[in-house]
Amino acid sequence: MKLMSNGERYLGARLSARVLVLAVAAVVTACAKQEPRAEAAAELVFKNGNIYTVDANKPTVTSVAVREGKIVALGADGETAALIGPKTQVVDLQGRFVLPAFHDAHTHPVWGGLGQSQCPLHEGNSVAEYQKMIAKCAADQPGSGWLVGVGWKDGLFVPEGTPDKKLLDAVVSDRPAAFTSVGGHSIWVNSKGLEAAGITKDTPDPANGRIDRYKNGEPMGSFQEAAVELIVKKLPPPSDQAREDALHYARDYFNSVGIVGWHDALVPISGDEPGQAIPPGVPQTYASLAKKGTLKGHVRLALAWDKKQGVEQIPDLVAAAQRLAEAGIEAKSVKFLLDGVPAQRTAALIEPYSDMPGFTGDMHMEPAALEEAVTRLDAEGFQIHIHAIGDRAVRTALDAFTKARERNGAKDHRHLLSHVNLISTADLPRFRELGVVVIFQPLWACLDEYMVMVGTRVGQARLDRTYPTGTLIKAGGKVAYGSDWPVASANPFEGIEVALTRRFPGAAEGERLAPNEAIGLAQAIENYTINSAYASHLDDRSGSLVVGKSADLVVLDRDLFKIPVNEIAKTQVLLTLFAGQAVHGDFAAASAPVAN
């Protein structure tokens, strides 16, 4: 056998390498000539729709394709046709109007749901109606324990917005009764209730609270702000099941009006936050529903700051947020109550109340204490959510955010100010500069009986610039919408209509509240969708119809852009989709022909 020389071995190796290269090239060429692999079919495709995406890059489309709970394509019907497979559910919208599902940036679901299971007064429109409703509740819920309810409107108890125990005694005199106001800042009790709570002429007003009294000093039966706690702490707490039922009620209500995301704006971790009627145990309620997979919504909680403590509570807030995160609930927000409400003159104003010269209202926290708390929490990565109604409270909150930025640098925490009835002109540019989001309650921006009472407190000049939505947006501020339910209806269509008209829903004429602050329909929709999602750090996954985002949308019974503005509140949701699943309505209603 002849041995190969070194030269022959070298030449053979080169030939083998060349053959290998050619073989690899042939494989690559063959693969390149193959057709690309077909994309998996969508599970659900809407077509033939009138779809308003709230995305400037593609504002209107006719079709949306969904797979695994996310939007995988949208555009003209032809652009999603390739994703329709044998098992794809195809919904012909027949021209129906579609929007991204809504987000509510300020609400109280558990408190609202519990109120519906107690003695709700929300539908009452006079003191006499309240008395009839309470008498019926007493008959339907016999016994000797507390009769509890919520929902009376301050503006119906003229002139001070403070109900008298005698009105309650007239219908419930044999057992203690307590009814929280619609806003939660006041509570009304009967004589038996005062007795059960141990409230007498000698009981002092607590810090940041007021026991309303007759001229002789006797309690008259109404309590304001932190004084509410004197009664609430005597009431039996709701059971775990009652809280879960309440959150289920709120979730179903929200879904029915097209809401799939909400910011629960006051969640005590101890159940001892003064001035509000929010029950203890709410964090556990959310964690329980998250574990069961029954929330059916994007959720963010704002943990309550306890004004009776200082910054020593921050480790407890950090721990509570971490526990909730482990349970699948985002809770990296903290809520402060900085002032009260104008009807009872507890909102903090820069200039005195018009009907009480020299008095500007009281702050619930000293500015220095607020600055320290906000700065420390900002450094810990928390979003700060502050209740600020009067212009002095608004300015103090902005000062605290400024101090936090000076010490910690600019961060994407998206701090929030809620309600904001009044803003000093000098403070308007600060919202854009600080990146602070204002959460207005659009349904409040009309002259109902409450705002008429507010007008007597602040005077016409300030009333004419109340809820300055348009002015703030023109100054570069970002606005999100939150209903504050159960304080007001959570129905976004009612809020959107009032945002446009500044009149009560359905009104085609009549006096308007600060009409120059009205905004357009497209802006109002943004405020209830992408901007409210932004306020809860959810805009990367919801709030607009964009490929890659959660398939959250609503199919409506009318096109909001084609109807009179005073009919927007009548809009009905035919279908609410959350993460690709129907959580309200059905596909048959969404595909029914549009009536001419």
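Because the model is predicted, local features need pLDDT of at least 70 and side-chain atom pairs count only at pLDDT 80 or more, while totals for chains, interfaces and linings use all residues. Residues are numbered from 1 along each chain as its sequence is written, and side-chain values use heavy atoms, with hydrogens and water left out.

The secondary structure of the chain amounts to 20 helices and 23 strands; helices (H or I, at least four residues) and strands (E, at least two) are DSSP runs numbered from the N terminus. Along the principal axes, the C-alpha atoms fill a box of roughly 125 × 60 × 50 Å. The chain has 596 residues, of which 55% count as buried; buried means under 20% relative accessible area, exposed over 50%, and partly exposed in between, with a 1.4 Å probe and protein chains only. Among contacts (heavy atoms within 4.5 Å) with a separation of 6 or more, residues 24 or more positions apart account for 72%.

Helix H8 (residues 240-256) has a contact with helix H3 (residues 109-117), and their axes come within 7 Å and cross at roughly 100°. Axes are lines fitted to C-alpha atoms, for helices over the stretch in contact, and angles run from 0 to 180 degrees between N-to-C directions. H3 and H8 are therefore roughly perpendicular to each other; angles under 35 degrees count as roughly parallel, over 145 as roughly antiparallel, 65 to 115 as roughly perpendicular and the rest as oblique. From H3, Pro109, Val110, Gly113, Leu114 and Gln116 meet Ala242, Arg243, Ala246, Leu247, Tyr249, Ala250 and Phe254 of H8. These residues comprise nine nonpolar, two polar and one charged, where Ala, Val, Leu, Ile, Met, Phe, Trp, Tyr, Cys and Pro count as nonpolar, Asp, Glu, Lys and Arg as charged, and the others, Gly among them, as polar.

H8 also packs against helix H9 (residues 282-292), with axes that come within 9 Å and cross at roughly 65°. That angle makes H8 roughly perpendicular to H9. On the H8 side the contact involves Arg243, Glu244, Leu247 and His248, and on the H9 side Val282, Gln284, Thr285, Tyr286, Ser288, Leu289 and Lys292. By class, this contact has four nonpolar, four polar and three charged residues. Within H9, Val282, Pro283, Thr285, Tyr286, Ser288 and Leu289 are buried. Their cover includes H3, H8, strand E14 (259-267), strand E15 (298-304) and helix H10 (314-326). Just after H9, glycine 293 adopts a positive phi of about 70°.

Pro492, Ile496, Ala499 and Leu500 of H17 form the contact with Leu521, Ala524, Ile525 and Tyr528 of H18, and the classes are eight nonpolar, no polar and no charged residues.

Finally, proline 204 lies in the loop between helix H6 (191-197) and strand E12 (209-213). With 59% relative accessibility, proline 204 counts as exposed. Leaving aside residues up to four places away in sequence, proline 204 touches Ile211 and Arg213. The C-alpha atoms of proline 204 and alanine 227, 23 residues apart along the chain, are separated by 9.6 Å.
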